[in-house]
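Notes follow in the order in which I took them.

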Amino acid sequence: MQIAIQGALGSFHHQAARQLEPAADIICKQTFAEVFQAVLTGEATHGLCAIENNLHGSINEVYRLLERHSVWITRDIRLHIAQQLIGPSEVSLDELKSAHDVKILSQAPALAQVELWLDGHVPNATRVEMHDTADSVRQVVAQANPHTLAVAGNFAAEMYCGVIVARDIQDDPNNYTRFILFQTDKAEQPEATEASVILKTDHTPGALLRALEVFARHRCNLTKLDSHPIAGDQRHYAFYVDYELAECGSTQKVMRELKAQGCRVKVLGEYSSL
C-alpha cells in the first residue's frame, strides 16, 4: 500500500496514516489536490486528507475535491491534536517573551489552534504561515536560530530532532482532526459503520426536509450535515451528509427514494471508523 498525504514526514497526516496502516509507504505531497492526483494517476494506492477539525470546522477544499473526483472513502480516523512549541535548542519562555526577533513557523490551522497561547507567552513573535507543520520543524532545526521556532506535534519533533520548548500549547485540549483514507475503486465493506454522501435537492420549499425524512424513515442516524456552495451557482448549495449504518436498513433503498424525489446523490463511501 502506498498512501499519499498532504505535508511532510512527521506531520499529523503522517501520524494518522501510520495509525491506520503502519506498514504503508508514505508519499508526501504539498497540497490536497496533489494527493487526489496521486491516487487518480496510480502513483499511490490510497490518499489521506484531513477533512474537518472539531474547533475550526470543515476543510472546504477537500469537500470540493471529493465532489469533483471519483474516489471511495475506505476508512476514517479522528486524531487528537496536541501542539508543541519546538525549537532547535533549549530556550526559556522568559527569553522568548522579552525578545523582539522571535518567529513562529507553522501551518495556518495550527497557528489558529494556539493563538491565545502565543498571545500570552510570546506576544512579540512574528507568525509565519507555512504549508506544513512538520516541514516547519525541519526548517527551524536546519536554521539553528533559537529565536525561530515551530508549532507542530511530537511526531515532527522526534523525526527532525527538534527540542520541545513548551508542551501542549493548544488553546483547547479537546482538539481533534478527522482524516479520511480513500482510493479509486469502490470497496464493499460488510463491516462498515459509517457512510458519506453528497446530496443536491431540487430548489423548492421543503426539499431538504423531505430528503432528511427519507433518512429518518430508514433509521439512518445523521452525524453531519454540512452545506457547501455549488461551483458556478451563486444561490444554491450541495449538502454533505454523514450517517451511521448500524440501524440503517438498506442504503440502496435510501438512495433510490432520494433519487425518486428528484435529488442528485453521490455516494462517497461506506467505511469503518477508527
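I sorted the lining of the second largest pocket by class and got four nonpolar, four polar and five charged residues. For the classes I took Ala, Val, Leu, Ile, Met, Phe, Trp, Tyr, Cys and Pro as nonpolar, Asp, Glu, Lys and Arg as charged, and the others, Gly among them, as polar. The model is predicted: local features need pLDDT of at least 70, side-chain atom pairs count only at pLDDT 80 or more, and totals for chains, interfaces and linings use all residues. Residues are numbered from 1 along each chain as its sequence is written, and side-chain values use heavy atoms, with hydrogens and water left out.

I noted a volume of about 280 Å³ for the second largest pocket. Its lining has 13 residues, and Lys186, Thr251, Gln252, Val267 and Glu270 are the closest to its centre. H10 and strand E15 (264-273) are the elements that give two or more residues to this lining. The largest share, five residues, comes from H10. Helices (H or I, at least four residues) and strands (E, at least two) are DSSP runs, numbered from the N terminus. A pocket here is an open set of points on a 1 Å grid over the protein atoms alone, where a 1.4 Å probe fits, with protein on both sides within 12 Å along at least five of seven lines; lining residues have an atom within 4 Å of a point. A volume is the space filled by probe spheres set on the points, which are joined across faces, edges and corners.

I then turned to the largest pocket, with a volume of about 400 Å³. It is lined by 24 residues, and Ala50, Ile59, Gln107, Pro109 and Gln113 lie nearest its centre. Among the elements that each supply at least two lining residues are helix H1 (12-20), strand E3 (46-53) and helix H5 (108-113). By class I have nine nonpolar, 13 polar and two charged residues.

Next, the cysteines. I found one disulfide (cysteine sulfur atoms within 2.5 Å). The disulfide joins Cys220 to Cys248, S to S 2.1 Å. Cys220 lies in the loop between H9 and E13 and Cys248 in the loop between E14 and H10, so the pair ties together parts 28 residues apart in sequence. Cys220 is buried at 5% relative accessibility (buried is under 20% relative accessible area, exposed over 50%, partly exposed in between; 1.4 Å probe, protein chains only). Cys248 is buried too, at 9%.

Cys49 is buried at 0%. For Cys161 the closest cysteine sulfur, also in Cys28, is 17 Å away, again too far for a bond. Cys161 is exposed at 62%.
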